[in-house]
Amino acid sequence: ADGSFGYAVSLPDLEVIEVGSFKEFESFLGMHQLKEELNPPTIFIPVGCHPKFVKSAKRAFDNGTNPHVVSLPQSSFTARSTLLGLSNMFQITEVDAEMYLCKVVGCKVPVSLTAALGGLISTMRDTIKAVVYRKSSTMMSIDQGTLESLQIFKKVCHPSAHHGIGSSKEGLSLFGIMNLCKTKMGTVTLKKWMLSPTRNQVVIEERLRAIDVLIAP
């Protein structure tokens, strides 16, 4: 619901599972970045995923050879499946498995990360000694509550019935004020930058120089 994308990748040579999460967008830029960084031989997704997600996954990972996309039952991507899988893998109780995951990731484990880990474990036969959490060193992680409290983003009910009952639009927010983009891709990119701001000084300076060029008379 908050655009969080969780992933889990088996690294059999190291006998570990790497997990992580990041903000995802309509263009699924994060998924393509994940492919470039980790290049998994196979990607497992739950049956019933949104068609846009499935299409993007196949575009990113299906290239005629490897890697390829495989659909698994929704039941594999649940907290229950994850805890049971960790319990069997490490020969511990499910309570200890939950505590272990909190220790690895932090007290607030993203639901999407838990689901991804469960899906991966359900397919595994490799010996795994640990789960490791990959935290981006180049991006700031901002939780949904902070984004809303600072009014960086703010969803409000859409006043027009034409858009459907219960639909929403961007309200008075920093993103709403700054979004003067003329293309959908521009809007998506700006949203990505504001959801996960970079810590890389070089990237920040490059963006500022680009802005200077665009606003120069």
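Mentor: What follows goes through the confidence of the model, then the salt bridges, and then a few neighbouring topics.

This is a predicted model, in which local features need pLDDT of at least 70 and side-chain atom pairs count only at pLDDT 80 or more, while totals for chains, interfaces and linings use all residues. Residues are numbered from 1 along each chain as its sequence is written, and side-chain values use heavy atoms, with hydrogens and water left out. The pLDDT, which is the predictor's confidence in each residue on a scale from 0 to 100, averages 80 for the protein, and 82% of the residues score at least 70. Helices (H or I, at least four residues) and strands (E, at least two) are DSSP runs numbered from the N terminus; confidence is lowest in helix H1 (residues 29-38), with a mean of 68, and highest in H3, at 92. Where pLDDT is low, the predicted coordinates should not be read in detail.

Side chains of opposite charge can pair when their charged atoms come close. Taking a salt bridge as a side-chain nitrogen of Lys or Arg within 4 Å of a carboxyl oxygen of Asp or Glu, a search of the whole structure finds 2. One of them joins Arg80 to Glu94, with 2.5 Å from N to O. Because Arg80 belongs to helix H3 (residues 79-90) and Glu94 to helix H4 (residues 94-105), this pair ties together parts that are 14 residues apart in sequence. On the scale used here, buried means under 20% relative accessible area, exposed over 50%, and partly exposed in between (1.4 Å probe, protein chains only); Arg80 is exposed at 51%, whereas Glu94 is partly exposed at 25%.

The salt bridge between Lys129 and Glu15 has its closest N and O atoms 3.1 Å apart. This pair links distant parts of the chain, 114 residues apart, with Lys129 in the loop between helix H5 (111-121) and strand E5 (130-133), and Glu15 in the loop between strand E1 (4-11) and strand E2 (16-23). Lys129 is exposed, with a relative accessible area of 61%, while Glu15 is partly exposed at 26%.

The loop between H5 and E5 also holds Arg125, which counts as exposed at 73% relative accessibility. The C-alpha atoms of Arg125 and Met89 are separated by 9.8 Å, and the two residues lie 36 residues apart along the chain.
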